[in-house]
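These are my notebook entries on a structure that I looked through one topic at a time. I wrote down what I looked up and the cut-offs behind each term.

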Amino acid sequence: MSEWRYWLNEQRGTLMGLAIFLLMFCVYITNHPAGLTVNVAQTAANKGVLLAFIAMAQAMVVITAGIDLSVGMIFVLTNCIASWIVVGTPMQTALGVAGVLLAGTICGAINGLLVVYGRLQPIVATIATGAIYFGLALLLRPFPGGSVNEDLADALTGRLFGTIPSSLVALLGVVLLVWLPFRRSEIGRAAYAAGSSEAAAFMSGVPIRRAKLVAYTLAGLLAGMGGLFLTFFTYTGEAAYASGSGYTLWSIAAVVLGGVSLYGGRGSAVGAIFGAFAARTTGDMLFVFDVDPLWQPLLQGMVLLIAISIGALGLLRVRNRLDWFQ
Amino acid sequence: MTATQLQAASPLFRMEGICKRYGGVRALEDASLAVEAGRIHAILGENGAGKSTLIKIMAGVVAPDEGRMLLEDREVAFRSPAQAAGAGIACVFQELSLIPDLSVADNISISNPPHRFGLIDRAAQRRLAEEALARAGAEDIHPRALVRDLPLSRRQMVEIAKALAWKPRILILDEATSALTAGDVAKVFAVLRRLCSEGLALLYISHRMHEITEIADDCTVFRNGRNVASFAAGTRSGNEVVEMMIGREVSSVFPPKPQRRREARPVLACNMFSWSDRLHDITLEVCPGEVVGLGGLDGQGQRELLLGLFGVLRGTTGTVSIDGVAASIAGPGTARAGRIGMALIPEDRKTEGLMQPMTVRENLSFAALDRLSARGVINRDKEERDIDEMVRLLAIKTAGLDIPVGSLSGGNQQKVVIAKWLMRRPRIILLNDPTRGIDVGTKQEMYQLLRRLADAEAAILFYSTDYDELVGCCNRVLVLYDGRIVRELEGAGITEHALVASALHVDAQPEAVA
């Protein structure tokens, strides 16, 4: 096999995610009354970026063979915090942004400590912390309200040079500054190793615990970024329970669409981003086909099933049935 | 080596008075060992003799209850595998310690990757991997290949390359050659000898006696958690060593083979059986009462052939017939059913043979649940009777039927895998390297069992990587090369020489009759 075949083999999941997204986006855009205009792209990007952040967060944890059911609630909590503190002068705003990201990071670190050192099952531990984070959000914003520095908000949700959605640029920056260094670092490799075969990783002297803690913590940070962007889009804070749990569940769908294995060790956060955009497009699809809102959840579920089935097509090619169980 | 020379050199590493208990079970009792630089030290013993525990203590995986360890006369204690590695002790474990989803290069430098600007330097890592693979003589493995895509024998080579990349002072190989082909073993041995001449101390654990005679300088035998004898290699006969290991006299390793009755009609036959690019036009017959061996280098399609016959592979071509009637075997469910009555003892007992956390009892009755139940309800009395019979028949050593099967020793786990299929009284038994990593005593019991099953009219197809076994157990041996049967050996024609020659697919010279 030549060099690029190995690369292809490594990136198969991510490329599959990209392919599914492109397919769905093409269907969407060709049926859109306006076609691919700058405005359509900006709206699609802004909606997609929110789920993309949450899906990246989920991917971090899923790679270690864990799961984080509190990402959506960290998203809601940081939204509520941002609606209080990301205001005022540029200096105050900057401090506010730092505070929001710190809050997200702390939430993630608490999850990590409970799972790694408390040895709790990730599912139950994060259900519990998720409820706590939502409770805090509710105390901060019993009613929707608050505000945000609108200059910053408009800059990050608008367009660069009149064409490129700036939220996409911000997402790209996060990939370059958070994901790639993690992927290329020793701790990132340890996270993959822990997810792939924890016993083998231990025997090789890999710092499993530290890697998992870092993965959960970074997940908190990324969910916090999502919360920040939500505030930029809505200009308010709201402790919306349905939104929090919806984002948690969709983040899991997004990582699977993006080729991240729920058994851990395989996939990338970049794939999760494509998965998130694809998952978002399933919703928008119904809009361009002018479907009765009453039918939307049902049809969206069916579109999602089709999308996931495309990803599972590879299983049909399996000729040794033992490969199904690997 | 003479005794005076042994005493003259100060050992690089010593263990003294080591004791280790797991719950009530004594794994090591006052064990000691001295390892010298530049020498290859073989550790022998049955499974459960304490070898694995000893190695785990050396490698920092478990801590001893009592005793001390000295590295160059300085007392040391390891709290983790990383610490032992730091002190220069690298270990290639029987259970592979590779990460399946990472690339070969990632795996080789997993513990200590090269850095540049705080991140992993992938170019440097690639060079390291290429160097390490070349050192182990495994240049055929691409550094970017994912470990999960490699066959077992290649994985073991990666594992060895990984250990060598640490540049250890003491290297422990625990059954590290169990899945290697003869050619690989020769390469690895050459590397090991060179490293030893450069001052590496090597601990070598293997159940393959001829490998030990070939490579070791010193031998230490363990039995029941103690070191019972140490001697220079080559000073004791194979039989004497085996006696030391099992503590009783051994009669004959292999039971006598009765003459094959020619008139028997084949119970299992396949004609022009092919699959993907791994199996080509396989035609074979197995008669009741016959043990037919599959030989050849590892990975020549033997495993696929067994899986194909058992209905696991999709898209096979050619015919399979049972009792002379064409049969379509759609999966393990059909294969095991009444008229066909086939059983497959898989290669990897951990993933394909047993449900490790479930109890011995549950594992034993899994394959036969349909026969033990009436209208979906399990008949507990019948289950109990059948299980008791199997435990007695195979002499499975277990503290009870309701403990997790994972807590049994390797040999006993393998017995459970076999017993679970014997519960169905199969007529056709396919075995995929059933004695890999199993101690001598259990191996002998397996050989006796195979012969007893054949005597009871079972048709047995038996793949083994151990040529001695094929010579000792089989009525006929089919040698595979690149998915084809290239040679059939029969009766007195089954010799190690003929097996090796046809496995390498060189035209075998007609054997001189000695």
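**Entry 1: Y247(A)**

I began with Y247(A), which lies in helix α12 (residues 241-257) of chain A; helices here are DSSP runs of H or I with at least four residues, strands are runs of E with at least two, and both are numbered from the N terminus. The model is a predicted one, in which local features need pLDDT of at least 70 and side-chain atom pairs count only at pLDDT 80 or more, while totals for chains, interfaces and linings use all residues. For my own bookkeeping I noted that residues are numbered from 1 along each chain as its sequence is written, and that chains are lettered from A and ligands numbered from 1 in the order in which they are written.

Is Y247(A) buried or exposed? I found that Y247(A) counts as buried because it has 28 C-beta neighbours inside 10 Å. The rule I used is that a residue is buried if 20 or more other C-beta atoms lie within 10 Å of its own, exposed if 12 or fewer, and partly exposed in between, with C-beta atoms placed from the backbone.

I then looked up which residues Y247(A) touches, and, leaving out residues up to four places away in sequence, I found L51(A), I54(A), V71(A), G72(A) and F75(A). A contact means that the C-beta atoms of two residues, placed from the backbone, lie within 7 Å. I also noted that Y247(A) and L50(A), although 197 residues apart in sequence, are 9.0 Å apart in space, C-alpha to C-alpha.

**Entry 2: two helices of chain A checked for length**

I took helix α11 (residues 208-234) of chain A, whose 27 residues should span 39 Å at 1.5 Å a residue, and its end C-alpha atoms are 39 Å apart, which agrees. The expected span is 1.5 Å times one less than the number of residues. Of the 27 residues of α11(A), 23 are buried, so this helix is largely enclosed by the rest of the structure. Just after α11(A), I saw that Y235(A) takes a positive phi of about 65 degrees.

I did the same for helix α2 (residues 12-31) of chain A, where 20 residues should span 28 Å and the end C-alpha atoms are 29 Å apart, which agrees. Among the buried residues of α2(A) I listed M16(A), L18(A), I20(A), F21(A) and M24(A).

**Entry 3: how α7(A) and α8(A) meet**

At what angle do the axes of α7(A) and α8(A) cross? The axes of helix α7 (residues 150-157) of chain A and α8(A) come within 5 Å and cross at roughly 85 degrees. Axes are lines fitted to C-alpha atoms, for helices over the stretch in contact, and angles run from 0 to 180 degrees between N-to-C directions. The two helices α7(A) and α8(A) are therefore roughly perpendicular to each other, on a scale where angles under 35 degrees count as roughly parallel, over 145 as roughly antiparallel, 65 to 115 as roughly perpendicular and the rest as oblique.

From α7(A), the residues A155(A), L156(A) and T157(A) meet S166(A), S167(A) and A170(A) of α8(A). I sorted the residues of this contact into three nonpolar, three polar and no charged, counting Ala, Val, Leu, Ile, Met, Phe, Trp, Tyr, Cys and Pro as nonpolar, Asp, Glu, Lys and Arg as charged, and the others, Gly among them, as polar.

**Entry 4: where chain A touches chain B**

I found 25 residues of chain A in contact with 28 residues of chain B. On the chain A side, the elements that give two or more residues are α1 (3-10), α8 (166-184), α9 (186-196) and α10 (198-203). The largest share of that side, five residues, comes from α9(A). By class, the side of chain A that touches chain B has ten nonpolar, eight polar and seven charged residues.

**Entry 5: two aspartates in chain B**

I looked up D281(B), which is placed in strand β14 (residues 279-286) of chain B and has a positive phi of about 50 degrees although it is not a glycine. With 13 C-beta neighbours inside 10 Å, D281(B) counts as partly exposed.

D482(B) is found in the loop between β23 (476-481) and β24 (484-490) of chain B, and it has a positive phi of about 55 degrees although it is not a glycine.
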